[in-house]
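Me: Could you take a close look at one part of this model for me? I would like to hear how its strands pair and which residues face each other.

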Amino acid sequence: MSLNKYKGFLITSLFICAIGHAQEKNTMEKDSMSMQNLNEVVVTGESQVMSLSKKLFAVGVLDQRDIAKVAGNNLADILNYNLNITVTPDPSTGRSTISMFGLDGQYVKVLIDGIPMASDNGMGNNIDITQINLEDVERIEIVEGSMGVLYGDNAVAGVINIVTKRGLDHTKWQLQLSVQEETVGDEYEWFDKGRHIQNAKLSHQLSEKTSISIGGSRNDFAGFHNGYQGRNYVNIQDNTVVNDGLRGMEWNPKEQFTAFGNLNTALGKHNIFYKFQYYDEAVPVYNRNVTGRLNSDTGMVEPTALDETFDTQRVMNNLNISGSLKGQTIYNLSFSQQTQKRYYQQYVYNILQRGIESYTADNLSQSSEIWYSKGFVGNMVPKSDFFNLQLGYEFTHQTGFDAIATGEYSNDVVENTLENYDFFGVADFNFSDRLSLFPGARYTNNSQFGNKLIWSLSSTYDITDTFKVKAILGSAFRAPNFEELFFYFVDSNHNVQGNPDLNPEDGISIFLNLEDKFRLGESSMLKTAFKSYYFDIKDKIASVITTDEEDRNLFTFANVDYSKILGFSLENSLIMDRWQLSLGATYLGESTTIDASLASNSNYLWSFNLQSSVGYTIPSINTTLSAQLKYNGRTQVVLNDTDGPVIGQTDDFTWMDASVRTNITKNFNITLGARNIFDIVRVDASDVPSGAHGSSVSSSRLFGNGRSYFLKLLYNLNFN
Amino acid sequence: MKKTILLKAIALMLILSSCSDDDGENLIDFTATFASATVSTTEEETSKEIVLNFSRAASENGTITVSYSGDNAEYGTDFTTSPDGSSGTISVPVASGNTNASFTFNKLTNAIEGTTKSVTFTIDGFSDADWSTGSTSSALVSYTPIAATSGIIDTENGGSNQPNQVYFDFSTGIQTAVRRDLWEIGLYNGTENRVFLNSSLSVSAVELTGVTDLLSVTEASDLPEPMELNALDAMFQPSTVNVSTVAELLVGLPVGYNQYGDLEAGISFTDSPEGTLEGTAFAEISTTAEENYVYLVSLGKEIPTQPAETGSINTTGDLRDIIKVRILSDGNSYTIQYADLNETTAFSEVNVPKDAAHNITAFSLTNGETVSVEPATEEWDINLTGVFTYYGSQGPLVAGLTYSDYVVHNTLGGVGLYQVTIEGDVPTYANFTMADVDESALVYDNRAVVGSGWRDTFGGVVNTDRYYVLKDADGNYYKLNFTAYTSTEGERGHFQFTYERL
């Protein structure tokens with residue numbers, strides 16, 4: 001990626017700076033007036049999307065303060081410290097995916113303002129969370145429990161909803177500029193090592209009812225060497241290349257650029273919100289091996305390496321219209337068009353001349369386009385206290401291909417189309433002020449596997465005004481992904497094929513949530529929540545070995561596994577004067593039956609996680625100190641070995657971050673902090689999958705890049 | 001005002017930290033260089049292609065201007081070129097996307113004995129101002145052969161299908177590439193009467209002991225005697241099979257993991273990897289006709305045409321036919337009788353006389369004629385077979401094995417070779433001299449010393465801990481070192497080695 005690409009962005013930032021300077025004088029006078037004006041602006045729409053979810057489910061919220069504490073640039077930076085979420089990075093591709101309640105990213109749906117995000121080969125699930133920029137985010141809602149009825153297939157463990165910041169509260173204009181410099185472990189250089197982030201955002205409240213916002217963010221992660229010698233390294237002895245495996249990086253670099261804009265306006269009782277986002281990411285992959293062919297004229301060795309670059313581009317257009325239809329009855333309509341393209345380049349890099357000799361591949365390897373719409377009408381019977389109803393539809397049309405997920409030789413590299421028509425309804429039965437019951441159902445019609453029913457039954461019972469019980473019983477429904485359906489890699493040595501006849505996974509999920517609040521004094525409050533959950537997933541999709549018609553071994557996928565997860569968690573948060581404390585623990589067990597054979601049925605394998613955070617504010621110097629810690633207990637999984645099932649495990653490890661955030665002036669603040677204080681890089685593991693040929697037996701998993709330090713400077717200018 | 005300074009400082013940081021060192025993203029400079037500084041021609045050759053190599057693929061069309069000067073050679077009288085060079089220079093076209101260009105040197109006369117005669121071509125200019133001359137700006141084309149003392153050889157095995165086997169002669173520097181599927185059996189031209197199989201095409205053969213009537217055997221026939229053979233079961237565990245019919249035997253005839261055999265009893269349907277006369281799958285051909293039995297011959301596997309993905313190979317395709325063969329000899333020639341397996345009325349018969357100039361005479365059972373494959377005995381030292389198959393052990397398993405990137409040396413032609421493993425005070429390839437040669441280490445009874453051990457396909461590297469010393473039949477010593485088994489683009493089947501006369 002060249003500097004040119006960002007020139008526009010930089011010029012814009014400079015231009016914005018100039019405006020800021022010109023407007024500065026007027027700011028002070030108008031400050032007090034705008035405050036009044038804006039308090040009167042009714043913020044509508046934003047809460048309606050999730051309003052029902054909040055009534056039915058336990059919702060955890062991470063707001064801008066939480067993001068600021070860790071100087072988070074993307075979602076991966078902050079989800080690490082969530083008690084029930086584990087972030088798993090893949091250093092070779094740079095992707096980070098999450099698991100929630102012990103279920104992997106396939107069972108969690110990521111939404112932006114209620115609309116599922118296009119992922120590599122699906123809709124909302126298995127998202128690379130490092131691709132979600134937090135610059136224009138108001139808050140992140142983590143909704144726990146089986147959400148299939150409201151959000152469709154794959155929302156089994158829960159939903160993560162990213163809520164975009166709309167409008168301004170106290171001012172007409174707001175300009176935010178920030179830079180962030182980070183070390184990667186102990187590696188840092190002004191350009192080529194470490195992590196460099198620049199953000200710019202301009203928001204304007206055009207009138208009481210209309211606001212716009214535009215901005216951009218660049219995150220340049222230069223990779224983590226960790227002993228590897230980088231791109232231009234080669235070991236030449238006696239005119240011969242000696243491959244010592246030290247070329248390249250431990251974690252490959254990644255450069256991300258996000259541009260975004262939104263428009264929010266109210267027309268009478270109707271609110272219209274439009275959001276645009278462009279995302280570009282480049283990940284170069286440096287080959288560990290060097291080819292040392294000799295130049296036949298000079299006789300000198302010309303070391304070259306076959307390197308690769310993955311470039312992902314995504315464009316998102318989201319439109320949401322909401323308002324009231326008649327009296328208290330509300331409606332909400334969403335439309336979205338999203339495209340994602342991944343370009344793949346493979347080229348011969350001349351190490352001594354530091355340039356590209358030739359391209360061996362330069363093509364579009366993945367492309368998908370999604371048209372999406374969802375709409376619902378809620379509070380349909382506003383006059384009844386006892387009964388209410390919400391009805392809605394959801395429509396997804398996805399076309400695309402994925403040469404990587406389907407394999408290079410696939411016939412199915414030609415476009416595939418997946419279409420979903422869903423209708424859903426949730427009823428309210430309010431038996432008393434305290435007890436409500438919400439049965440819900442969704443009928444889904446999928447072009448690949450036909451009609452299916454997703455159902456749920458939720459209930460809330462308020463024992464006291466603060467002590468509340470929620471219980472959710474629902475189906476655990478996951479549709480097979482693109483790779484599981486269409487993968488194809490067949491040659492003389494391989495026979496790996498997806499299974500287009502796969503059925504969705506189905507099962508039952510039970511989720512119980514008890515929470516209470518205690519006022520401990522004038523300015524102290526304790527919140528306690530106990531959760532228990534149980535997932536019983538049948539027909540779980542797993543890779544299997546069978547034989548094909550020609551009696552050859554065939555590696556494919558089938559609905560054969562059976563998995564049960566049982567967990568308990570206790571979360572406490574305490575606010576006391578200048579202190580904010582939280583402490584939580586979770587205990588989770590998983591029992592797996594591989595290949596539906598009783599012989600491989602395992603006992604529950606338990607793991608224990610602990611999360612804690614401390615915050616302390618010193619008002620006199622406008623400073624907040626915070627620290628957070630997460631202990632990830634040992635995890636165990638059942639693996640299918642040649643000698644039958646064996647238990648593999650990943651050892652325990654602890655994350656800890658600490659930061660100081662201080663306001664130097666009203667407009668300028670600095671955050672200084674450290675990530676990964678316990679310096680985690682690799683964690684011993686015996687459950688690392690070995691390659692297709694079983695040749696790479698690695699006994700550790702890469703989780704972090706060592707203790708890193710960051711400095712963030714944020715300039716925030718409000719003016720009228 | 002303080003605010004403004006901060007603002008400016010941040011704006012500056014935004015700009016500065018947005019930059020990065022991106023020099024590496026640009027293409028390297030385009031340079032053109034002669035593929036070889038000296039080109040020799042033999043008396044028989046009337047034209048020679050002169051190649052210009054580029055540092056990278058050309059990004060646009062253009063021309064390279066080449067001038068020439070003759071030593072006892074005049075344009076139009078002693079030579080011409082194509083494209084035409086009568087104006088004093090040659091315009092060599094460069095096509096966008098190509099990594100080389102060439103022109104043809106046409107020889108009109110030959111050198112007079114005892115005089116030199118040559119033409120020197122020099123790069124004189126480019127149509128594109130950004131292009132420049134690389135390391136070798138001129139090439140001398142000699143009218144007579146020039147003896148080679150060292151060289152860097154890019155083999156012509158042909159890529160990821162490895163369609164060719166390549167014979168190489170160190171003293172002349174000539175490589176001869178031949179398709180692997182031109183022949184199935186090789187008739188030995190020495191005093192013994194022996195028949196080799198084409199190991200680079202997975203050819204295998206089994207004797208039907210006692211059967212001399214070629215037409216009596218079909219797929220439905222019973223074997224004269226049941227055989228007990230070793231095999232591998234579906235889980236790759238050793239097991240034994242009893243076969244009593246031709247049909248049952250054919251299941252285990254082709255080279256593969258389920259090939260039958262019994263090494264302890266001396267039963268192998270392939271030649272031994274060592275390539276000795278005693279190791280052939282065919283028994284020695286007797287001059288008494290009745291002692292020569294019928295063989296079932298699996299004609300091996302097709303050479304696939306679809307290239308493999310980067311870093312991988314695709315060398316063995318569909319199984320070819322199985323035919324029946326009986327070979328007789330009078331000591332000076334071989335008589336090959338063969339027919340399709342189920343043919344019962346007539347067979348083909350070809351007589352092939354021994355040819356003293358070659359180790360073996362290659363014969364095509366598919367076309368029924370001899371084929372020119374091996375150069376004359378003294379004119380090759382190593383054979384880069386690419387594919388190589390034999391029945392043998394790999395770890396604990398005994399099976400029909402298929403190798404790629406294989407190299408054998410000419411043991412039948414009196415070439416010796418040994419491997420030098422760099423450890424302790426063993427000199428490196430560069431430092432190895434004549435004084436370091438260990439005459440007793442030279443191996444003359446096993447052609448597979450190099451084998452496939454010179455590269456590590458799992459690691460994706462050439463093994464740099466070894467090189468080889470070779471002594472040709474004329475007593476010249478060479479050291480050779482493999483430098484690549486893939487192209488720079490990662491395609492398999494593009495070997496490179498360097499050698500030097502000691």
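Reply: Happy to! Keep in mind that this is a predicted model. Let me start with β31(A), where G615(A) is the bridge partner of Q580(A). That pair belongs to a run of 12 bridges between β30(A) and β31(A), the latter covering residues 605-618, and these two strands run antiparallel. β30(A) (residues 579-593) also pairs with β29(A) (residues 553-576), again in the antiparallel sense, over 15 bridges. Within that pairing, S573(A) has S582(A) in β30(A) as its bridge partner. The hairpin of β29(A) and β30(A) has two residues between the strands, and D577(A) there takes a positive phi near 50 degrees.

For another view of strand pairing, turn to chain B. The partner of β5(B) is β7(B) (residues 100-107), joined to it by four bridges in the antiparallel sense; here T81(B) stands opposite F105(B).

Strands also matter to how the domains of chain B meet. The assignment gives domain 1 (25-146), domain 2 (164-176 + 378-501) and domain 3 (182-377). Domain 2 of chain B brings 35 residues to its contact with domain 3 of chain B, which brings 33. On the domain 2 side, β12, β25, β26 and β32 of chain B each supply at least two residues, and β25(B) gives the most, with eight. That side divides into 12 nonpolar, 16 polar and seven charged residues.

Methods
Residues numbered from 1 in each chain as written. Chains lettered and ligands numbered in written order. Predicted model: local features only at pLDDT ≥ 70, side-chain atom pairs only at ≥ 80, totals over all residues. Pairing = 2+ DSSP bridges. Domains from an automatic or database assignment. Contact = placed C-beta atoms within 7 Å. Nonpolar A, V, L, I, M, F, W, Y, C, P; charged D, E, K, R; others polar.
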